[in-house]
Amino acid sequence: MDAYDEGSNARHGPDAPRRPAPPAQRVAPADPAETDVPPGLDPADPAETDVPPGPPEPVPHPGLEPQPDLHPGPEPQPDPHPRSEPEPVAALAPPEPAGPLAPPEAYPPAEPRTGIAALSPRYQVGVALALAVVAIGVCVHIGMTFLHVAPANTVTRAHGEAVDDWIYPEFEQNWKLFAPNPLQQNISIQVRAGVRGPDGMTLTTGWYDLSAEDGRAIDGNLLPSHTQQNELRRAWDFFVATHDSENRPVGLRGSLSESYLRRIMVLRLDRDDAVRAATGGSGVIERVQVRSRTSNVPPPDWSREKVSTTPSYRELPWWRVPGDEARGGVR
């Protein structure tokens, strides 16, 4: 029979694929105990008995004799890379279930921009320009203030009017930076009043030292009021600056300083109950008189300077109090 016949009983070479045998020719597997096992292998060990099966032997049909193969195929060649026998394994542990694959680490989110960087480029330019204008204004103000308090120099002589226009009146400086002149005198303001009583008689009170009263209110007080510290002192400085040595007013500001100082005296006398103390009851202030008491600050003990401590007085003329101020119209 031709080896290349396509019949069902044709035999093929070792390299050709085998076709499955018909159902009638399939043989049930024999008992494991009766299976031929190569010597040296344990039939009970599946790892040792796992031997690749050889080509199945042909099963003759009943009533037919096997025919000799007239065209034998080529003899099988030995495998140049023989497989080694597998080593016996005592026990195969079940593979551990692999956990879910972790997603690749995401990039950390970028930090949000803050401040000027969070604005759009157009607004960033606007903010930069605003900051530049503010910085220039601050530098100009500091320079003008420096020129105002500095001693006379070439710049102030040439541009003194521009400096004064910048400083006055909002940024006035009434102290010297390079040549401070601390007070070396104690000045106290005193007042007395002429009070008309219910019987029509006019009585003159004693002198009230208003500066001493303010000093006692400030002493030991952590938060003294602005009135106690500056009202009386600034009123007297205002009067002295607008009057000559004969107590005559100079210009309109002189009359204004007199009215301002007189109103303060009436209010302080009424608050101190000077009227009731003088008349024993109700009364009206008709006139007031103000004076200053000035004495030099004594030098320290280690100084050799000799200074007179005898006080000097400056008495102002009597000022008649208008009716509306005497009846409380200044309140």
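The following legends describe close-up views of a predicted model of one protein.

Figure 1. Of its 331 residues, 18% count as buried, while the protein exposes about 26400 Å², of which carbon and sulfur atoms supply 57%. Among contacts between residues at least 6 apart in sequence, 59% join residues at least 24 apart.

**Figure 2. Pairing of strand E1 with strands E2, E3 and E4.** Strands E1 and E4 run antiparallel and are joined by 12 bridges; within this pairing, Gln-185 has Asn-296 of E4 as its bridge partner, and Val-191 stands opposite Val-290 of E4. Val-191 also has a bridge partner in E3, namely Tyr-208, and the antiparallel pairing of E1 with E3 (residues 208–209) comprises 2 bridges. Strand E2 (residues 202–204) pairs with E1 over 3 bridges, again in the antiparallel sense, and here Val-195 has Leu-203 as its bridge partner in E2. In the hairpin formed by E1 and E2, 5 residues lie between the strands, and Gly-200 takes a positive phi near 90 degrees.

**Figure 3. Pairing of strand E4 with strands E5 and E6.** Strand E4 pairs with E5 (residues 312–315) in the antiparallel sense over 4 bridges, and with E6 (residues 319–320), also in the antiparallel sense, over 2 bridges. Val-288 has Trp-319 as its bridge partner in E6, whereas Arg-291 stands opposite Glu-315 in E5. The side chains of Arg-291 and Glu-315 also meet in a salt bridge, with an N to O distance of 3.8 Å, and this pair links distant parts of the chain, Arg-291 being in E4 and Glu-315 in E5, 24 residues apart. Arg-291 is buried, with a relative accessible area of 14%, whereas Glu-315 is partly exposed, at 41%.

**Figure 4. The largest nonpolar core, with Leu-261 among the residues that touch the most other members.** This core has 22 residues, and Leu-261, Met-265, Ile-285, Val-288 and Val-290 are those in contact with the most other members. At least two residues of the core are supplied by each of strand E1 (185–196), helix H5 (226–241), helix H6 (252–271), helix H7 (274–279) and strand E4 (284–296), and the largest share, 5 residues, comes from H6. Leaving aside neighbours within four places in sequence, Leu-261 is in contact with Ala-235, Trp-236, Phe-239, Val-290, Leu-316 and Trp-319. As general background, nonpolar side chains in soluble globular proteins tend to be buried together.

Figure 5. Apart from neighbours within four places in sequence, Leu-232 is in contact with Ile-189, Leu-210, Ser-211, Asp-214, Thr-227, Ile-264 and Met-265. Ser-211 lies 21 residues from Leu-232 along the chain, and the C-alpha atoms of these two residues are separated by 7.5 Å.

**Figure 6. A salt-bridge network of Glu-213, Asp-214 and Arg-268, and a further pair, Asp-244 and Arg-248.** The count for the protein comes to 6 salt bridges. One of them joins the side chains of Arg-268 and Glu-213, with an N to O distance of 3.5 Å, and this pair links distant parts of the chain, with Arg-268 in helix H6 and Glu-213 in helix H4 (residues 210–218), 55 residues apart. Arg-268 is buried, with a relative accessible area of 5%, whereas Glu-213 is partly exposed, at 21%. Elsewhere, Asp-244 forms a salt bridge with Arg-248, the closest N and O atoms being 3.0 Å apart, and Asp-244 is partly exposed, with a relative accessible area of 25%. In general, side chains of opposite charge can pair when their charged atoms come close.

**Figure 7. A nonpolar patch on the surface that includes Leu-131.** Ile-116, Leu-119, Tyr-123 and Leu-131 form this patch, and together they have about 380 Å² of accessible area. Of these residues, Leu-131 lies in helix H2 (residues 121–149).

Terms used. Residues numbered from 1 in each chain as written. Predicted model: local features only at pLDDT ≥ 70, side-chain atom pairs only at ≥ 80, totals over all residues. Heavy atoms only, no water. Core = buried A, V, L, I, M, F, W, Y, C linked by side-chain atoms within 4.5 Å. Buried < 20%, exposed > 50% of the residue type's maximum accessible area, 1.4 Å probe, protein only. Contact = heavy atoms within 4.5 Å. Patch = residues over 30% accessible without salt bridge, like charges linked within 9 Å, V, L, I, M, F, W, Y side chains within 5 Å. Areas by Shrake-Rupley, 256 points an atom, 1.4 Å probe, with all protein chains shown as cover. Salt bridge = Lys/Arg side-chain N within 4 Å of Asp/Glu carboxyl O. Pairing = 2+ DSSP bridges.
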